[in-house]
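The sequence and the model are shown first.

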Amino acid sequence: MKPGMVPPPPGEESQTVILPPGWHSYLSPQGRRYYVNTTTNETTWERPSSSPGISASPGPHRSSLPTTVNGYHASGTPAHPPETAHMSLRKSTGDSQNLGSSSPGRKQSKENTITINCVTFPHPDTMPEQQLLKPTEWSYCDYFWADKKDPQGNGTVAGFELLLQKQLKGKQMQKEMSEFIRERIKIEEEYAKNLAKLSQNSLAAQEEGSLGEAWAQVKKSLADEAEVHLKFSAKLHSEVEKPLMNFRENFKKDMKKCDHHIADLRKQLASRYASVEKARKALTERQKDLEMKTQQLEIKLSNKTEEDIKKARRKSTQAGDDLMRCVDLYNQAQSKWFEEMVTTTLELERLEVERVEMIRQHLCQYTQLRHETDMFNQSTVEPVDQLLRKVDPAKDRELWVREHKTGNIRPVDMEI
């Protein structure tokens, strides 16, 4: 669900109902609809007739609604439509509702919305299901607007915070993978060192004949294999470990940039929301003050009351203008936050896909290097196999005898 602006109070008559010229409808604080003639300042509980020639005078239905003062009734209900307040509220893309109103109808407005971390959302029970931005995909930009209960405690975690946690977890996994490859490199280097050392061992160096040649080749194959493993470890470092580390550093920078950007927007949004609430409370106080001074004028408690009413009227107007200005700034901040949330969640989604694909490619490179190492290792023992097939004990005996013989005369028996 995506955030929307807080709707205005439902005090205005539906545009499909036509009222006589000069008449407008509003809701009282108790939720009852009444009508105001902005030309004569007359009020009535019953809807004036829209038939031509019929007077809009309230006649016997004239109500006892409070006096209109400076565009507001003493009860705090605006006597003129919001569009005459000289401050148009910005509308969010795809959302025709605006935040805030100086009308007491705000209570009903709150029932149609919910506020999460200073962000206003349509209430799920009063608003139809909103269209997903990417309906054919399980995209980050559609499913992380609300909060989720924290499984580690009793609090909640913001949807964007969950995305950040996933990205941070991915960064940690990538770090551990690079450490794993580093340990693999150390094993290869140590193995190569031990093989090279063993190939220089003098054990069985005096073996002779074709078997001696095969044995010498066995020892040489160890040196060749050591060289293969050294090359394998070097390629693991340059083609697997190093790219993993470099990507991790770039990924870390991208994550920090996204985190700080959204955090700044959320702080700005919270500040705007606090300003709206402060201005709303100030307007309520000014309206109460205006109502009290109006009542004093009616019972003529003081000669200065009329002057006080003018002053209270100016302050009430100023408070109303301040509220409208704060509401407009809030809506702009929320609209900006919404746009950046979509952009940033899609960027986090792209980064995650890029991270997974990068790791997959480098693990494929690891397996490829491993296959190559096995192939080279096999090539080091092939000469050994060839020499072992040529080992001929009879030939070796002949050669040895020829070289070491002491004589071919056999002893004879002694005669008595």
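## The K134–E349 salt bridge

K134 and E349 form a salt bridge in which the closest N and O atoms are 3.6 Å apart; a salt bridge here is a side-chain nitrogen of Lys or Arg within 4 Å of a carboxyl oxygen of Asp or Glu. Because K134 lies in the loop between β7 (119–122) and α2 (140–143) while E349 belongs to helix α5 (residues 305–389), the pair ties together parts that are 215 residues apart in sequence. Helices (H or I, at least four residues) and strands (E, at least two) are DSSP runs numbered from the N terminus.

K134 is partly exposed, with 24% relative accessibility, whereas E349 is buried at 15%. With a 1.4 Å probe and protein chains only, buried means under 20% relative accessible area, exposed means over 50%, and partly exposed is in between. K134 and E349 also belong to a salt-bridge network that includes E137.

## Basis of the model

The model is predicted: local features need pLDDT of at least 70 and side-chain atom pairs count only at pLDDT 80 or more, while totals for chains, interfaces and linings use all residues. Residues are numbered from 1 along each chain as its sequence is written, and side-chain values use heavy atoms, with hydrogens and water left out.

## Further salt bridges

Side chains of opposite charge can pair when their charged atoms come close. Under the stated rule, the count is 16 salt bridges.

One of them joins E241 and R182, with an N to O distance of 3.6 Å. This pair links distant parts of the chain, since E241 sits in helix α4 (residues 209–299) and R182 in helix α3 (residues 159–199), 59 residues apart. E241 is buried at 10% relative accessibility, and R182 is partly exposed at 25%.

## Aromatic pairs

A pair of aromatic rings is described by the distance of the centres and the angle of the planes. Rings of Phe, Tyr and Trp (its six-membered ring) pair if their centres lie within 6.5 Å; planes under 30 degrees apart count as stacked, over 60 as edge-to-face and the rest as tilted. The count comes to six aromatic pairs.

Among them, W138 and Y143 are stacked, at 5.1 Å centre to centre and with 25° between the planes. W138 is exposed, with a relative accessible area of 77%, and Y143 is partly exposed at 37%. F232 and Y366 form a tilted pair, 6.4 Å centre to centre with 40° between the planes. That pair links distant parts of the chain, with F232 in helix α4 and Y366 in helix α5, 134 residues apart. F232 is buried at 3% relative accessible area, as is Y366 at 19%.

## Helix α6 and its cap

Helix α6 (residues 393–404) has 12 residues and, at 1.5 Å a residue, should span 16 Å; its end C-alpha atoms are 16 Å apart, which agrees. The expected span is 1.5 Å times one less than the number of residues in the helix.

The N-terminal end of α6 is capped by D392, a side-chain oxygen of which lies 3.1 Å from the backbone nitrogen of A394.

Key:
Polar contact = N/O pair within 3.5 Å; in protein donor to acceptor, adjacent residues only side chain to side chain.
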